[in-house]
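This briefing goes through one protein chain, topic by topic. The sequence and the structure come first, followed by the notes.

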Amino acid sequence: MHSGLKLRLRAFWRHPANRSKRRAFIAKIKQIGDAPHSYSSWINRHDFDFYRDRKAVLDRIARLRNQPLISIVMPVYNTPEKYLREAIESVKRQLYENWQLCIADDCSTVPHVRALLESYAAGDPRIKVVFRTESGHIASATNSAFALADGEWIALVDHDDVLREHALAEVAFEISRYPEAELIYSDEDKLDADDQRYDPYFKPDFSRELFRSQNYLNHLTVHRARNIRAVGGWRSGYDGSQDYDLSLRIFERVDQKNIRHIPKILYHWRAAEGSAASSVDAKNYAYSAGLRALEEHVERIGLAAKVEPAPNTPFYRMRLELPNPNPRVSLIIPTRDKVDLLRACVNSIRDKTTYGNYELIIVDNGSRDLKALQYLAEIQGMPHCRVLRFDGPFNYSAINNFAVEHSDAPLIGLINNDVDVISPEWLTEMASWAMQPDIGCVGAKLYYPDGTLQHGGVIMGIGRVSGHSHKHFPRDHAGYFCRLRILQNLSAVTGACLVVRREIFKEVGGLDDKNLPVSFNDVDFCLKVRAAGYFNVWTPYAELYHLESVSRGSDALPQNVERARRETAYMRSKWRSAEEDPYYSVNLTKDFENFGYR
């Protein structure tokens, strides 16, 4: 698109008179992302097609130098005949043939189960069946099935679900590409009563904090058999979340980089009546078991944290403990004039924040307004408040770097002068994560004044450089698979409210005040922190309002256009490799910020 046209469109978009049109357009885009037909469109455009793609997959299989035996473990109990038959047939239809199906029947009381299993075992030597003599529930039955397995790799399949024809082939391809892999998982969707596909979960690559919030690995998960044996297999008492418990224990002993994600739908989870797929309330015992599994995980690794339910979700929250005494935080707030904004921001932080050990560093970038100067003088007299003067043109990066040099606090908070605290424990939450040794930047959940979402984390590759996750979604929206309500790792977070250890800020050289004086400096900073080996975190438990650049103005203004163009070009050149965001699926759109399908 011609740059002049883009600027006119951007100016139209941002003009206050067009607010109603803007909201209508946003609502339409959200409908596109949520529309039932859009998954069908994605399937037609991007999904594996058996008749079209079968030969290419078989050719790749033939070229594999190593074709490991993959043992599929399937516990069975009173499965409806139709579903059990379809599950087994989905294994038999695999294009990759070096598999073994290990089935343990947990004393089914319906007669068709034994007859059907015996028939399949007699017809294919790759199918092995054991009939338990007493019911031990799903964990014990899974162990019995695992005892039959000879494969180096173990795939977990439920007795009423369906594997895609290319599922095991894709696993074998991944093992070939990454021979150091320890755990492999794929995307999944659901089947309704009419065998119609819906509700795909296009997952991110491995995110430790998301995994500790929900078992998003789920289906299809494939483990090395040696790791299952090393942790003692599945544990009784965790039925319903037995696989989550197993994965947590295995996660503790493997390198995260060896947890591999295949971004393809390889598994259909059947949403039969009463199943966990059909309703999150169908198996409350599974939720309780998962909570206990996570509690024990935290205890085993010696993490000072409390596990509790994540509000308004079927998932979990880890609430970390802070060192005692709490580390001091320098909250850096650049400002110029706009005294009403600054006063509201300062009062909000001072009146609502429960975390006690912080200071405010207000950096005045050339205020001339008399009321603003009077208020800055007033701030100087407040306890735990300082005012620094930074002369020269506005350079967000340089201003913050300057302020950090005047702080010796262990934690640095980058705060815009147009934020308003919502959750009193916002700084407690952010500081507790920032103090973790391998955590870098910590970001907050920010809203526009009308209550719609402004920042749910930063996704790389959306637009020309990056975009905000779930932008403009209603405040009470759960987001894509509850990602607006649970903690997770992300590539970047906004500098409008960001907490990081001072030592990390210094380690990566702070913000880039040469190439990124105004825009993208926070994203660039987060990517540098990630490249240095730290994990960035976004938490929904630190909530604030954010007016978004009301003091600086829009990049669409004529005087800002050339500078914005340079900064965009610099980011695209420097971070081209970051455009494929590991925390955002390649199957989701990069045209909008709504997690719609690609």
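The secondary structure of this protein comes to 19 helices and 23 strands. The model is a predicted one. Of the 598 residues in the protein, 57% are buried. Among contacts between residues at least 6 apart in sequence, 78% join residues at least 24 apart.

**Nonpolar cores**

- In soluble globular proteins, nonpolar side chains tend to be buried together.
- The largest nonpolar core holds 137 residues. The members that touch the most other members are Leu331, Ile349, Leu360, Ile362, Ile379, Trp426 and Phe525.
- Leaving aside neighbours within four places in sequence, leucine 360 is in contact with Leu331, Ile333, Val346, Ile349, Arg350, His384, Cys385 and Arg386.

**Helices H13 and H14**

- Two packed helices are described by the angle between their axes and the distance between the axes.
- For helix H13 (residues 339-352) and helix H14 (residues 370-380), the axes come within 9 Å and cross at roughly 25°. Angles under 35 degrees count as roughly parallel, so H13 is roughly parallel to H14.
- On the H13 side, the residues in contact are Val339, Leu342, Arg343, Val346 and Asn347. They meet Lys371, Ala372, Tyr375, Leu376 and Ile379 in H14.
- By class, this contact of H13 with H14 has seven nonpolar, one polar and two charged residues.
- An α-helix has 3.6 residues a turn, so residues three or four places apart point the same way.

**Helix H8**

- Helix H8 (residues 167-177) is largely enclosed by the rest of the structure, because nine of its 11 residues are buried.
- The buried residues in H8 are Ala167, Leu168, Ala169, Glu170, Val171, Ala172, Phe173, Glu174 and Ile175.

**Aspartate 47**

- Aspartate 47 lies in the loop between helix H3 (37-46) and helix H4 (50-63).
- With a relative accessible area of 5%, aspartate 47 is buried, because buried means under 20%.
- The side chains of aspartate 47 and arginine 164 are joined by a polar contact of 3.2 Å.
- Beyond its neighbours within four places in sequence, aspartate 47 is in contact with Trp42, Arg52, Asp53, Arg164, Arg197 and Ile265.

**Serine 207**

- Serine 207 is found in the loop between strand S7 (197-201) and H9.
- The relative accessibility of serine 207 is 1%, and the residue counts as buried.
- Not counting residues up to four places away in sequence, serine 207 touches Tyr216, Gln488, Asn489 and Tyr583.

**Arginine 45**

- Arginine 45 lies in helix H3.
- At 63% relative accessibility, arginine 45 counts as exposed.
- Arginine 45 and arginine 598 are 553 residues apart along the chain, and their C-alpha atoms are separated by 9.3 Å.

**Backbone geometry**

- Most residues other than glycine have a negative phi, and most peptide bonds are trans.
- Histidine 219 and leucine 220 are joined by a cis peptide bond, with omega about -10°. Leucine 220 is in the loop between helix H9 (208-211) and strand S8 (221-224).
- Another cis peptide bond joins asparagine 324 and proline 325, with omega about 5°. Proline 325 has its place in the loop between strand S11 (316-320) and strand S12 (329-335).
- Histidine 137 is not a glycine, yet has a positive phi of about 70°. The residue belongs to helix H7 (residues 137-146), and histidine 137 counts as exposed at 52% relative accessibility.
- Phenylalanine 595, also not a glycine, has a positive phi of about 60°. The residue is found in the segment after helix H19 (558-574), and phenylalanine 595 is buried, with a relative accessible area of 4%.

Methods: Residues numbered from 1 in each chain as written. Predicted model: local features only at pLDDT ≥ 70, side-chain atom pairs only at ≥ 80, totals over all residues. Heavy atoms only, no water. Axes fitted to C-alpha atoms, helices over the stretch in contact; angles between N-to-C directions. Helix = DSSP H or I, 4+ residues; strand = E, 2+ residues; numbered from the N terminus. Parallel < 35°, antiparallel > 145°, perpendicular 65-115°, else oblique. Contact = heavy atoms within 4.5 Å. Nonpolar A, V, L, I, M, F, W, Y, C, P; charged D, E, K, R; others polar. Buried < 20%, exposed > 50% of the residue type's maximum accessible area, 1.4 Å probe, protein only. Polar contact = N/O pair within 3.5 Å; in protein donor to acceptor, adjacent residues only side chain to side chain. Core = buried A, V, L, I, M, F, W, Y, C linked by side-chain atoms within 4.5 Å.
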